[in-house]
Amino acid sequence: MKKMNFSRAKTVLICTFLILNIFLFFQLRQNRGYGGFASFGQKEELTRLEIELQNAGLTLETDLPKSLAPVAYMIVEPWIYNPQELIFSLWSVLEGPEEPLPLITMFVSRNDEKEGEKEELSSYSFGKHELVVNRKGTAVLRFAFPEEDAKEKNTEAFDQEARQFIGSLPFLKNFVPDFTRPLEKGTEIVFRQEYENYPLYAGYVYVSVFKKKPEIIQFYCLDVLGFAEQKREVIPSSTALLRFLENYERNRQEKSIVEFSLGYYSHEYDAERWEIPPVWRIRLNNGEIYFINAFTGNPEI
Amino acid sequence: MLEKIKSGVLIFLILLSLILTYGLWFGAPPLEEGIMPRYEYAYFTDPCSLEEIVTPSDIIYFQEEKKEKHVFRRGEDEYIRLWKEGASVLKRLTEQTLSRISDDEEEALLETVPLKISFIFSTPLPIAFFVPELVSLALDVQRAVIIPEEHYYLIILEGKDKFAGRIFMNLDEQLLDNILPQSSNSHICLPDVLTLNLAGYFLNEDVSPADEMKESATAESKGNDKASVPLSSNNTGEKELLYSLEIKKKGELFVPLEDLQAAEIILKKENVDREQLVRAFFFDLSMARRIEERDGAVFFTDGEKGLRIYPEGLVEYTAPKLERVSTTLSYSAALQKGAESLGIYGGWFPGIYLARVEKQNEGYQLFWKMYYDGFPLEGKSAGSEMTINELGVLFYQRNLYQIIEEVGDKKAFRPYKEALCQAAAFYRASFPGNEGVLLGIRPVYYLSFASKGTVKATPAWSVSIDGMDEIYLHWQTLNPL
């Protein structure tokens, strides 16, 4: 009878358990959505994604984010501001704090037809600038920029200047640069609101640059109260992309997806308080933006 | 030493494998493979039976000998009793008892009957709701006539086709005559043309006392004769201002012969469990995000459908994604789905009846109204409306009230003739030179908001003239409400 070699047996067992643990570890990662390799089901999904992208005339120029921890609705209120204080801040930044604020003229609210609904607007003129605000809280600043300054600057310089300008406005301190997109006769530099490291796409600043000079700044800001109690899993980015492609209407032009990110988005409501869902934002190279609800997979229009 | 390290590593690996196996076994399944949770509909009220979905709009008892017509309407005790009796008779129909008849045969059958009771269905009743075996007839009944004879009932069903049949009475029915009304509610049928004297109406707003209106002996005109009923003013010396009003639905407009008695009523908004209601529409409440609007309304949406609950209690739901160019849903299926959905989305409510069904391109529109003592509750979106197709409910509105009490003693309505004069005067002022066509006149309760947020309903005459919005006239003053 041979004597059992415990040392060898241990080595065999160590190797066996090591292999088993490696397998279990990857299987677990796969289930949690961190998998670096595709299982049979995912291979089919990837193939389907490629076909759907091809059919839609789109290419994916960014990585799809991996699944994230459960999230909850974000609770927001419209940002209530005093136009006079807003104008004072704007004037200080535009013309310098030493320059005395001229007389503010307020135009009687006028109604403009927008999307078939009557919209109430209040217009304030101060110096060469004008601030127009509506009931929902959207504000548009039209300001004069010295013509001679514009001639010497390129788009990058304006981009830099816009960032400095937005950064210097205290009421827009939660805004970060997002992207730049072409307009028919110019460029638009887009900033987005942020809350606890989550992008809040519902809050925005659009700086429109025409003929090499910024002319219009449109902004909409929200007061974030926090998150709802109940957290939910978000749908994987691949599922969101498939849902987007199901609803995407192809046109002749070939386009590419340049950004795929998770944040919060909702309409501008004329409401007191509302909950905002997490969304997958899909941005195309031509500036088109689509939002897919990260809970339901439905497009957020 | 090496053996000790090996033992330690082995123990660690064994423990790690146990932990990883536990994580795999009990951990959350991958999202893509997640199982869809199963939801069950939670009904606010038990789903109603098929025979409860459609009820007659009017029950008309006709007695040939006395030339009397008695009309019973929804919400009246006698209506409820008569419909119960009538339904029990209709349920005994079989395919063998019914045979198809022509218009002439129907006329011959009805010519000599001394009395008959007609159940008028403004919303046609699929006969299969009462007798499933008659589904092959595909008959949507618009009028069911029951004629009690000595030992049996003669039944005539009118829809697209006409059928007649006899069923035997049981002993109780032979002895008790339960199918006949036990109280009276005399009505007359309006003639084809009414000539009204509008002197003193509308223009000076101080409505004159009841003008005497002489009706010709042929008030109940028969056939297509255009029997004109001259209605002249009394001897107040006022100049006559005659105006003709044509009746569109010849032989179908009934007005009470005796004084109508009613009192104002106090109502209370129905108390619906708001959370259950939201759950009924969204299943998973966490999927519905909440928007508190400036007017106090609360809006729930999941991006595809929206539910708005107004501060005064009105509920409005829309699901535009379910809209279709045309619906494939059948009429009877729409009725069933609609009734089931009403049970889920707030429930059936005492005193509500299906009042109207309209087929639209995107689906069927169903309207339920509340009735009290024979009068429908009108105004301020009172009642419930639903648009439904094969995919589900596209639109739903619910605004129902509980009746608390009557205020004060019952008083008589101003005569219908005065209401007609007042409405015709309004019409004449709005459309000078046009000849009015009367579409309908009926007594109703009109919803209004009294002080301190209480809701009140005032009796009123509802008069509908072609081309003009339905007008509601206060029962005492005849001022428009």
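This is a predicted model: local features need pLDDT of at least 70, side-chain atom pairs count only at pLDDT 80 or more; totals for chains, interfaces and linings use all residues.
Residues are numbered from 1 along each chain as its sequence is written, and chains are lettered from A in the order in which they are written.

Chain A contains 6 helices and 15 strands, taken as DSSP runs (H or I, at least four residues, for helices; E, at least two, for strands) and numbered from the N terminus.

In chain B, an automatic or database assignment gives domain 1 (50–184), domain 2 (188–264 + 405–474) and domain 3 (271–399). Contact, meaning C-beta atoms placed from the backbone that lie within 7 Å, joins 10 residues of domain 2 to 8 residues of domain 3. On the domain 2 side, two or more residues each come from β24 (436–449) and β25 (455–465) of chain B; β24(B) gives the most, with 5 residues.

Helix α3 of chain B covers residues 77–90. Its buried residues are Y79(B), L82(B), G86(B), V89(B) and L90(B). These fall within an arc of 90° seen down the axis of α3(B), so they line one face of the helix; the arc is that of the directions from the helix axis to the C-beta atoms. On the other side of α3(B), D77(B) and K84(B) are exposed. The strands against which the buried residues of α3(B) pack include β1 (58–63) and β4 (115–126) of chain B.

How values were computed
Two residues are in contact if their C-beta atoms, placed from the backbone, lie within 7 Å. The expected span of a helix is 1.5 Å times one less than its number of residues. A residue is buried if 20 or more other C-beta atoms lie within 10 Å of its own, exposed if 12 or fewer, and partly exposed in between; C-beta atoms are placed from the backbone.
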